[in-house]
Amino acid sequence: MNQNKNSLLRIVHGGVIASLYILLLFIFQPISFGPIQFRVAEILCVLPMFTPAAIPGLFVGCFLGNFLAGAPFYDVLFGSIATLIGALGSYYFRRSTLGVVLPPILSNTIIVPWVLRLVYGETATIVYLMATIFLGEVVAIGVCGTLFIFLLKQYKKYLF
């Protein structure tokens, strides 16, 4: 019985995280897409530090958010894969705040510029696109996500 309760709780956590990702993506949609972006929803990429349910939650949230926002198929696919890779890395390095924030920053910095170039036909150089995505991710995940971690640690026993 306890295992069923834990499984249900993980599904609920994952669903809530996916919903929050989509909500933040739509609230901040004008700044969440393009070659220079600040995706506020990426703050949630630190959640694998607290629960493994964040991994599928972030993936589904990114996938559905991009899809519902009308992104092209390959952006939906590869953007979500970048988020999944980052979430898996964050979970793997969950014992360290730096270890939690680096994987999503790096996966998005490497993958998203290629999506912008190949899917959207962005003419800027890959190096430029990597720099702009990196800066947006550092602010969203590195700075805001780290502050979010410190806030969540105070309420960890009530939330997770």
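In this predicted model, Ile31 sits in helix α2, a stretch that covers residues 29–32.

Take helix α3 (residues 54–68) and helix α4 (residues 73–92): their axes come within 8 Å and cross at roughly 160°. Angles over 145 degrees count as roughly antiparallel, and α3 and α4 therefore get that label. As for handedness, α3 passes α4 in a right-handed crossing.

Then there is the pairing of helix α5 (residues 97–118) with helix α6 (residues 126–159). Here the packing angle is about 150°, and the axes lie 8 Å apart. α5 and α6 are therefore roughly antiparallel to each other as well, and α5 goes past α6 in a right-handed crossing. What kinds of residues make up the contact of α5 with α6, by class? The tally comes to 17 nonpolar residues, along with 5 polar and 3 charged ones.

Notes:
Residues are numbered from 1 along each chain as its sequence is written. This is a predicted model: local features need pLDDT of at least 70, side-chain atom pairs count only at pLDDT 80 or more; totals for chains, interfaces and linings use all residues. Side-chain values use heavy atoms; hydrogens and water are left out. Axes are lines fitted to C-alpha atoms, for helices over the stretch in contact, and angles run from 0 to 180 degrees between N-to-C directions. Helices (H or I, at least four residues) and strands (E, at least two) are DSSP runs, numbered from the N terminus. Angles under 35 degrees count as roughly parallel, over 145 as roughly antiparallel, 65 to 115 as roughly perpendicular and the rest as oblique. A crossing is left-handed if the near helix is turned anticlockwise from the far one by less than a right angle, and right-handed if clockwise. Ala, Val, Leu, Ile, Met, Phe, Trp, Tyr, Cys and Pro count as nonpolar, Asp, Glu, Lys and Arg as charged, and the others, Gly among them, as polar.
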